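Here are some friendly notes to read alongside the model. Take them one at a time, and keep the structure open as you go.

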Amino acid sequence: MTQAGDIVDEFVSLVNPERDIGPTSIHGLESADIEHAPTFRELAGELCERFDGTVALAGHNVRFDQNFLKAEFDRLGTPAPEFSTLCTMKLAGGGSLVSCCEDFGVSFEGQNHSALDDARATAGLLSYLLGGTSRESSFKSAGAKPHPSNLHSLAATHWPRILKGTRHPLTRQVARQRQHSNPYLQRLMELTSASSIDDSDGIAYSALIERVLEDRRIDESEGDLLINTALDWGLSRDSIVQVHKDFLRNLVVAALIDGIVTDAERRDLQIVAKLLGLDQSILNSQIEQASRRLGTAARTVAPSNGLQGKSVCFTGELRCRLNGAEMTREQAHLLASAADLKIATSVTKSLDLLVVADPNTQSGKAKKARDYGIRILAETVFWNSIGVAVH
């Protein structure tokens, strides 16, 4: 933005933090969104080029952003230069970005805590606060208009030259579009079409699907395994799609045994349907048909997947709800212990199970578990396996 308040260019990208992404409820991002995003190291060259020659970096509570920038450049081994900042929160007398924009009649369009939308709103707020308007009564700071340092007196900051990374910036929109791309399904569509399948092959392939989907994701190696198995067994596209439908139907029936599909179960079914290339209408139809067949049958025996006596560790922010309230890690440990599982707080090679709330989490525990080949279960799958009703 120029000193006159004109926006001359915009840059935005998700950044892969190479760790767990933290509270999704605040920033609205899932681990799948940042899985293919560039790291800060890969974006640093682009940022330095854009920062070079600026007189100040502005932000709302800019010290927060300033500390992150300095820490990331320190990790690169290339310390950031000393640079001037302008804080719209300080100039406005305090308050959140949304509330300050409301106070001064500055338009805030888009999603709060989305980087580009926040940056645009901050630019608009800064332009107003540094402008010559006369809405003095709107200011919180003792009714007086702020007097920021004269921008003309600030010297341009020169940033270091860093080689640009080979990965391109990734926006939220593009990341979400990529999630609809499933290499396994794309390759499945390339198989020949036929209408029959041997029962034993269908059962075996369904068992393979069940194991692959325990963590509610299909990575590249798992997709290769499924396709290569289908080719080796001579399975057709049509026969595999039928296995997918039967697999989903079995999950629907299991969810309806107690007479109701909870919110957590429905989310889980939607994830599975998407991974298997089955649209929402098929899932809705299966739920409706199974509901009519089962009526209000009660679950009398908790399912068992042979987990008793195994060690289990949890990672990430739990998302299932217990009796209408958010489940705590302490409750999770108590429930797992009551099901005769051993609680572990870290991932070692001897761990049996890692339970993940987010299938695509990049937490340190998840990375270790994948490296060690430890069995990973999605949170809903785990609770269903030990007979705990969650929402």
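**Notes on the fold**

1. Helix 15 (residues 329-338) lies across strand 3 (311-315) and strand 6, and it runs at about 160° to strand 3. Helices (H or I, at least four residues) and strands (E, at least two) are DSSP runs, numbered from the N terminus. Axes are lines fitted to C-alpha atoms, for helices over the stretch in contact, and angles run from 0 to 180 degrees between N-to-C directions.

2. A word on the background. This is a predicted model, where local features need pLDDT of at least 70 and side-chain atom pairs count only at pLDDT 80 or more, while totals for chains, interfaces and linings use all residues. Residues are numbered from 1 along each chain as its sequence is written, and side-chain values use heavy atoms, with hydrogens and water left out.

3. Now the protein as a whole. Its secondary structure comes to 17 helices and eight strands. Of its 391 residues, 40% count as buried, where buried means under 20% relative accessible area (1.4 Å probe, protein chains only). Contact means heavy atoms within 4.5 Å; of the contacts with a separation of 6 or more, 74% are between residues 24 or more positions apart.

4. Four strands form an open sheet in the order 6-3-7-8, with parallel pairing. Strand 6 (342-343) and strand 8 (375-378) stand at the edges with a single partner strand each, so one side of each has no neighbour in the sheet. Two strands pair if DSSP finds at least two bridges between them.

5. Look next at strand 7 (residues 353-356). Four bridges join strand 7 to strand 8, and Leu-353 stands opposite Arg-375 in strand 8. Strand 3 and strand 7 also pair in the parallel sense over four bridges, with Cys-313 opposite Leu-354 in strand 7. Which way do the residues of strand 7 point? Leu-353 and Val-355 point one way, Leu-354 and Val-356 the other way, and all are buried.

6. Follow the chain past strand 7. Ser-363 is in the loop between strand 7 and helix 16 (364-372). Is Ser-363 buried or exposed? Ser-363 counts as buried, at 6% relative accessibility. Leaving aside neighbours within four places in sequence, Ser-363 is in contact with Arg-19, Asp-20 and Thr-315.

7. Here is a helix pair to find. Helix 13 (residues 263-275) and helix 14 (residues 280-294) pack at an angle of about 135°, with their axes 10 Å apart. The two helices are therefore oblique to each other (angles under 35 degrees count as roughly parallel, over 145 as roughly antiparallel, 65 to 115 as roughly perpendicular and the rest as oblique). Arg-266, Leu-269 and Gln-270 in helix 13 meet Gln-280, Leu-283, Asn-284 and Ile-287 in helix 14.

8. Thr-157 lies between helix 7 (115-129) and helix 8 (172-179), and Thr-157 is buried, with a relative accessible area of 9%. Not counting residues up to four places away in sequence, Thr-157 touches residues including Phe-51, Asp-52, Pro-81 and Phe-83.

Key. Buried means under 20% relative accessible area, exposed over 50%, partly exposed in between (1.4 Å probe, protein chains only).
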